[in-house]
Amino acid sequence: MIIKPTVNGLGPFEVISAIQKYIRRGMEAEAFELACEMIETSKAYTTWLANRLQIISHEDIGLADPQLIIFVATCAEQMSKLYKPDKLGGVKMIAGNAIRLMCRSPKSREGDHFMGIAIKHKLDGKRPEIQEWTFDHHSARGQKLGRGAKYFREESTKLVPPQTTPDPYEQLFYEQLKRKLKDEVPPTQNDKQPRKLF
């Protein structure tokens, strides 16, 4: 497949790559100028830009500003939906809002780095391992090991960090699970009198 140059003869892959680098460094005017290059080329290139802005929101910002991801996704949808080749101002404004917000946002590369560790087992020539303690009554292996409500409560439902608010439904839940699995459930220090629900 032949990838055509942009309206001013630039390589679109280079344009998209530069937009991302400019956003990383907070260079909003430079990023916007190249975004307009994509928009002015075609609707397909506008969609390409919109998709890339969404990736950038995850790759270079992510959990540093999770609300931004929603905003950029909305902008991307509007860019594709509202594109009119004879009236590009609205789409440019939408792209500009997304770019300015991303440029000004706190940044984090953690999402990209975290995604990268997923290939470790491939590099090592191994398949991922499932730790033994994860097998409870929800899996065939856990059932064979006789892991019922007691094991589920003591191991499978551990929270890190631990829950800090009282849970009025915890004891009732485990009493019902004990009946369902015909298992013994030891009380915990946080157990209170079960609340009557009905």
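Visitor: What should I keep in mind about the numbering and the model?
Guide: Residues are numbered from 1 along each chain as its sequence is written. The model is predicted, so local features need pLDDT of at least 70 and side-chain atom pairs count only at pLDDT 80 or more, while totals for chains, interfaces and linings use all residues; side-chain values use heavy atoms, leaving out hydrogens and water.

Visitor: What makes the pattern of the protein chain α-α-α-α-α-α-α-α-α-α?
Guide: Helices (H or I, at least four residues) and strands (E, at least two) are DSSP runs, numbered from the N terminus. The protein chain has 10 helices and zero strands, and reading along the sequence gives that pattern.

Visitor: How do you know how the protein chain compares with a compact globule of 198 residues?
Guide: By the radius of gyration, taken over C-alpha atoms, with a globule rule of 2.2 Å times the number of residues to the power 0.38. A compact globule of 198 residues would come out near 16 Å, but the protein chain has 26 Å. Its C-alpha trace spans about 75 × 50 × 30 Å along the principal axes.

Visitor: Why is F32 called partly exposed?
Guide: Buried means under 20% relative accessible area, exposed over 50%, and partly exposed in between, with a 1.4 Å probe and protein chains only. F32 has 29% relative accessibility, so F32 counts as partly exposed. By that scale, 31% of the 198 residues of the protein chain count as buried.

Visitor: What does F32 touch, not counting residues up to four places away in sequence?
Guide: F32, in helix α2, touches K92, G96 and I99; contact means heavy atoms within 4.5 Å. F32 and M93 are 61 residues apart in sequence and 9.7 Å apart in space, C-alpha to C-alpha.

Visitor: Why do R100 and K150 count as partly exposed?
Guide: R100, in helix α5, has 36% relative accessibility and therefore counts as partly exposed. K150 sits in helix α9, and its 37% relative accessibility is why K150 counts as partly exposed. For K150 and H121, 29 residues apart in sequence, the C-alpha to C-alpha figure is 33 Å.

Visitor: What makes a set of residues a nonpolar core?
Guide: The set must hold buried Ala, Val, Leu, Ile, Met, Phe, Trp, Tyr and Cys residues joined through side-chain atoms within 4.5 Å. The largest one here has 29 residues, and those with the most contacts inside it are I19, I23, L49, L53, M79 and M102. At least two residues of this core come from each of α1 (12-24), α2 (28-41), α3 (43-61), α4 (66-81) and α5 (89-104). Helix α5 gives the most, with seven residues. In soluble globular proteins, nonpolar side chains tend to be buried together.

Visitor: Which residues is L53 in contact with, leaving aside its neighbours within four places in sequence?
Guide: L53 is in contact with I23, V72, M79, A98, I99 and M102.

Visitor: What is the peptide bond from V160 to P161 like, cis or trans?
Guide: That bond is cis, with omega near -5°. P161 belongs to the loop between α9 (149-156) and α10 (170-181).
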